[in-house]
Amino acid sequence: MKQYRVIIWGLGNVGRAAVRMIGERQSVKLVAAVDNDPEKVGKDAAGLFGFPDVGVKVTDYIDAALKLDADVVLVYTPLRHEPKTGGPLHQVRRTWLRS
């Protein structure tokens, strides 16, 4: 069975549900978790929510996370326009096109 490697970008309510779902399935593996909340950065992505640790520390450095070998990026950031960056989806596309 193929195991899909997943990056979660945004660890709010929806990101929390995604972390839980990934922890319950063998077909997916969390390889990175990204959030800009300093209270979350450096903590285990699952342990942060009271789930068993998965060995993936939350980072706020999206470029490094996007360089990892991943099949899927789940983007759960607030929907707002960020003039300097073009927003999260623009960053994902830009980074992958450079790779």
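This is a predicted model: local features need pLDDT of at least 70, side-chain atom pairs count only at pLDDT 80 or more; totals for chains, interfaces and linings use all residues.
Residues are numbered from 1 along each chain as its sequence is written, and side-chain values use heavy atoms, with hydrogens and water left out.

Now for the sheet. Four strands make up an open sheet, in the order β3-β2-β1-β4, with parallel pairing; two strands count as paired if DSSP finds at least two bridges between them. At the edges sit β3 (58–59) and β4 (72–75), each of which pairs on one side only. Between β1 and β2 there are six bridges, in the parallel sense. Within this pair, V6 stands opposite L30 of β2, and I8 has A33 of β2 as its bridge partner. Helix α1 packs on the sheet and touches β1, β2 and β4, its direction making about 160° with that of β1. For such angles, axes are lines fitted to C-alpha atoms (for helices, over the stretch in contact), and values run from 0 to 180 degrees between N-to-C directions.

Next, what is tucked inside. Of the 99 residues of the protein chain, 36% count as buried, where buried means under 20% relative accessible area, exposed over 50% and partly exposed in between (1.4 Å probe, protein chains only). Strand β2 is largely enclosed by the rest of the structure, because six of its seven residues are buried. The largest nonpolar core has 16 residues, and V6, I8, L11, V19, I22, L30 and A33 have the most contacts inside it. Two or more residues of this core come from each of β1 (4–9), α1 (13–23) and β2 (28–34). A second, separate core holds ten residues, including A32, V34, L66 and A70. A nonpolar core here is a set of buried Ala, Val, Leu, Ile, Met, Phe, Trp, Tyr and Cys residues joined through side-chain atoms within 4.5 Å.

Leaving aside neighbours within four places in sequence, L11 is in contact (heavy atoms within 4.5 Å) with V19, A33, V34, D35, K40, L48, F49 and V58. Across the protein chain, 63% of contacts between residues at least 6 apart in sequence join residues at least 24 apart.

As for rings, a search of the whole structure finds one aromatic pair. F49 and F51 form this tilted pair, 6.3 Å centre to centre with 45° between the planes. Rings of Phe, Tyr and Trp (its six-membered ring) pair if their centres lie within 6.5 Å; planes under 30 degrees apart count as stacked, over 60 as edge-to-face and the rest as tilted. F49 counts as buried at 18% relative accessibility, and F51 does too at 19%.

Finally, P52 lies in the loop between β2 and β3 and is exposed, with a relative accessible area of 67%. Not counting residues up to four places away in sequence, P52 touches D44, A46 and G47.
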